[in-house]
Amino acid sequence: MAEEALFQFLHHELVQYIYKTSENGDVENGRNITKLENLGFRVGQGLIERLTKDTARFKDELDVMKFICKDFWTCVFKKQIDNLRTNHQGIYVLQDNKFRLLSQLSAGKQYLDLAPKYLAFTCGLVRGGLSNLGVKSIVTAEVSVMPACKFQVMIQKM
């Protein structure tokens, strides 16, 4: 429980630090989100190396995504993804009904516009993990009702 609170606090402080050290504006907001995603990408790469060092190779993309939803997500957020959907054409939707990094924000709609800056790190985390497993992807996040969140993973064919 304590480590979960520490991770949430560290994440919140990381977001605040990046936004405080930059200048205001829409262009700068995009840069800040990119910085957060790149940090998450690097953390995801390192974490997936540690998690898969004793794991057999995955058969296909679906096995990789199941690993991300179960083992990877559990390692980071102490729970599995609530729902995984796919169209079997390279698009996966990971749904977390109580996303821990948003649970500290109010459930009201007034905070929906703040959600992207708290999701960028996690998008990078997933993209970095997939990258180290040999899967090139684009990861986006969407929030319609707090603290539920959907991450869309689009696999890029090489």
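How many helices and strands are there in the chain? There are 4 helices and 4 strands.

**Figure 1. Overall arrangement of the chain in the predicted model.** From the N terminus, the elements follow the order α-α-α-β-β-α-β-β; helices (H or I, at least four residues) and strands (E, at least two) are DSSP runs. This is a predicted model in which local features need pLDDT of at least 70 and side-chain atom pairs count only at pLDDT 80 or more, while totals for chains, interfaces and linings use all residues. Residues are numbered from 1 along each chain as its sequence is written, and side-chain values use heavy atoms, with hydrogens and water left out.

**Figure 2. Packing of helix α3 and helix α4.** Helix α3 (residues 61-77) packs with helix α4 (residues 115-132) at an angle of about 130 degrees, their axes lying 11 Å apart. Axes are lines fitted to C-alpha atoms, for helices over the stretch in contact, and angles run from 0 to 180 degrees between N-to-C directions. That angle makes α3 oblique to α4; angles under 35 degrees count as roughly parallel, over 145 as roughly antiparallel, 65 to 115 as roughly perpendicular and the rest as oblique.

**Figure 3. Residues at the contact of α3 with α4.** From α3, Val64, Met65, Ile68, Phe72, Trp73, Val76 and Phe77 meet Thr122, Leu125, Val126 and Leu130 of α4, where contact means heavy atoms within 4.5 Å. By class, this contact has 10 nonpolar, 1 polar and no charged residues (nonpolar: Ala, Val, Leu, Ile, Met, Phe, Trp, Tyr, Cys and Pro; charged: Asp, Glu, Lys and Arg; polar: the others, Gly among them).

**Figure 4. Contacts across the chain.** Among contacts between residues at least 6 apart in sequence, 59% join residues at least 24 apart.
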